[in-house]
Amino acid sequence: MNHRIELGKFGEDFACSYLQKQGYKILYRNFRCRLGEIDIIAVKNDVLSFIEVKTRRQSNSTYGMPREAVNQAKQKKIYRCAELYMQSKGIILTMPVLSFDVIEIITEGTAVKDMHHYPHCF
Amino acid sequence: MFANVFGETTCGIEGVKINVEIDVANGLPAFDIVGLPTMSVREARERVKSALRNSDYPFPMTHITVNLAPADLKKEGSGLDLPIAIGILVSAKYIGQEKTEGKIFVGELSLDGGLRKVNGVLSMIMEAKRSGFKEIYIPKDNAAEGKLVTGIDVYTPQCLRELVQHLQGSIKLEPLPKENILRNLERAYDVDFADVKGQPVARRALEIAAAGGHSILLMGAPGCGKTMLARRLVTILPPVTEAEALEITKIYSIVNMLPDTESVMVERPFRSPHHSVSASALLGGGTYPRPGEVTLSHNGVLFLDELPEFERYTLEMLRQPLEDGEVNISRVKATTTFPSRFLLVAAQNPCPCGFLGDKHHSCTCKQKDIDNYRRKISGPLLDRIDMQINLVRVEFSELESKAQGEASAEIRKRVVAARNRQLERFAESGIYCNSQMTRREVAQHCLLDEAAQAVLGKYFTALHLSARSHDRILKVARTIADLAGCDKITAAHIAEAIQLRTSITR
């Protein structure tokens, strides 16, 4: 595995454990389809959350905050993946309450330096 | 985190105070501007972002919403960059909210944080003063306009960083000194009335036109000097008053036509649009109305050479501004009133070949062509032109004579004296010259002695003049009396006015 994928995996694991502590139930990880990928699908209080995790090293901070990388195109991709997911699970007709979240994680060495969760952000 | 700062935009030729509200909330990075921004305001996003970063201030990577109130007014121009940037710094707690109170910010940002010139700053400063603001911050390039308005402190920071430090209190900027705009009014013109040989009637008529601001039509054969005379009219116009200079500067500031060196219009404008001018270029127009030639020649001269060559439709447009001194432009998206008190000078040939009535050439036009040519200018338009005179061809002896005509400077002295009498008379009423008098003012100021009354009565009946002609003759007679230094209008003044108006037979 190369470094980037390893870092992403690390961040997603960290985010999962955070979400579980917050009372979320993880439904799916790395839902892949031909339209793209959703990192984490979780549910809490009947709200279905599609969560994008962005991890970056502190040493790369000159490229901006991780959350800046979730741009319009990426957001659109996640929307369409979410639609496909709900269709495949047959829950789209139940019209669940949805939330699209971003979790950004900044690492320094092997430790997590900073983490932010932005619920309902797009 | 919420912040509230004030900026300015323009609507028509007036400034409008804009309340710039900024909310910096948590969320994915976004920068939304609401409140009817045009494209140039919307693009402020990129300029503000880069300007803040390059001035070493952080740009918050969160959800920023900017609201421009009042929300129903279209916001134009790049002058709102600066209040948006200041607002973001206030909500990021770089500047205390209380530090921006009573202050207005105007300026376009460059990517490195410098401040660039914007249009219409003079109107904005006047509006800021009217709304009770104590301080206004404008780009350095607009400084000349900032010196004109007293009663408000005008600051001209070089760049965003300097302004922020001033607001924080770490450095102190000095307000601009005020300046009397009417300095160095003596201007050398490269033309002079001394160059004009002969044409005594036209000289006299132009002198009256300059003194009272009366419109004038010059008719004559090709080459008799119509254009030459009209171009020299500016050299004998009285100097602008301070109020007039401010009005002109306001207009030229909005359309970004201020001369680079001066930044203030201390001369009366002279506009001579080509006869292919379109109706909306002449009157003003556009989706969001912009001033046209009649407004650009406000307090100055509008010269229409070859009058019958203009589109008839376009010429008829001149009726409202000629009568009211202002022009209403109504479009679906905005309605605006622009000032347009101009001195109309029109020139034309008597017929298509140009020689009708000439002593030595015979006219080769058919009567039908002459009629068509003349018909292009409608009766109602002609009725609004105070003086209509015939120019005769200059004789060889006159042309070759060494005798110089009277110089502009001499004529101007008389014009200024006459204009001063008028300014004194109209001190209370907000008008500047005889041609701007309303019906009531005509009745009040144009007092005739008995002989004059008799002359007017006789010719009015004989020539079947209109009611409007009546008032216009009185106004011209008033100016002639002013040039002579008389308080009352005598028979000679009235007779000259009537002759100048009716010497062209139709």
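Which residue in S4(A) is the bridge partner of Leu48(A)? The partner is Leu98(A). The legends below describe views of a predicted model.

**View 1. Overall make-up of chain A.** Chain A of this predicted model contains 2 helices and 5 strands. Read from the N terminus, its elements follow the order α-β-β-β-α-β-β. The C-alpha trace of the chain extends over about 45 × 30 × 25 Å along its principal axes. Chain A has a radius of gyration of 14 Å, which agrees with the value near 14 Å that a compact globule of 122 residues would have. Of the 122 residues, 28% count as buried. Among the contacts in chain A with a separation of 6 or more, 53% are made by residues 24 or more positions apart.

**View 2. The open sheet of chain A.** The 5 strands of this open sheet are arranged in the order S1-S2-S3-S4-S5, and their pairing is mixed. The edges are formed by strand S1 (25-33) and strand S5 (111-118) of chain A; each has a single partner strand, so one side of each is left without a neighbour in the sheet. On average, and with direction ignored, neighbouring strands of the sheet are turned by 25 degrees against each other.

**View 3. The pairing of S3 and S4 in chain A.** Strand S3, residues 47-57 of chain A, pairs with strand S4, residues 97-108 of chain A, in the parallel sense. The pairing comprises 11 bridges. In this view, Leu48(A) may be located together with its bridge partner in S4(A), Leu98(A).

**View 4. The helices packed on the sheet of chain A.** Helix H1 (residues 3-21) of chain A packs on the sheet and touches S1, S2 (36-44), S3, S4 and S5 of chain A. The direction of H1 makes about 135 degrees with that of S3(A). Helix H2 (residues 72-89) of chain A also packs on the sheet, where it touches S1, S2, S3 and S4 of chain A. The direction of H2 makes about 65 degrees with that of S2(A).

**View 5. The contact of two helices in chain B.** The axes of helix H19 (residues 450-462) and helix H21 (residues 491-502) of chain B come within 7 Å and cross at roughly 25 degrees. H19(B) and H21(B) are therefore roughly parallel to each other. On the H19(B) side, the contact involves Ala451(B), Ala452(B), Val455(B), Leu456(B) and Tyr459(B). These residues meet Ala491(B), His493(B), Ile494(B), Ala495(B) and Ile498(B) in H21(B). By class, the contact has 9 nonpolar residues, 1 polar residue and no charged residues.

Conventions
Residues are numbered from 1 along each chain as its sequence is written. Chains are lettered from A and ligands numbered from 1 in the order in which they are written. This is a predicted model: local features need pLDDT of at least 70, side-chain atom pairs count only at pLDDT 80 or more; totals for chains, interfaces and linings use all residues. Two strands pair if DSSP finds at least two bridges between them. Helices (H or I, at least four residues) and strands (E, at least two) are DSSP runs, numbered from the N terminus. Axes are lines fitted to C-alpha atoms, for helices over the stretch in contact, and angles run from 0 to 180 degrees between N-to-C directions. Two residues are in contact if their C-beta atoms, placed from the backbone, lie within 7 Å. Angles under 35 degrees count as roughly parallel, over 145 as roughly antiparallel, 65 to 115 as roughly perpendicular and the rest as oblique. Ala, Val, Leu, Ile, Met, Phe, Trp, Tyr, Cys and Pro count as nonpolar, Asp, Glu, Lys and Arg as charged, and the others, Gly among them, as polar. The radius of gyration is taken over C-alpha atoms; the globule rule is 2.2 Å times the number of residues to the power 0.38. A residue is buried if 20 or more other C-beta atoms lie within 10 Å of its own, exposed if 12 or fewer, and partly exposed in between; C-beta atoms are placed from the backbone.
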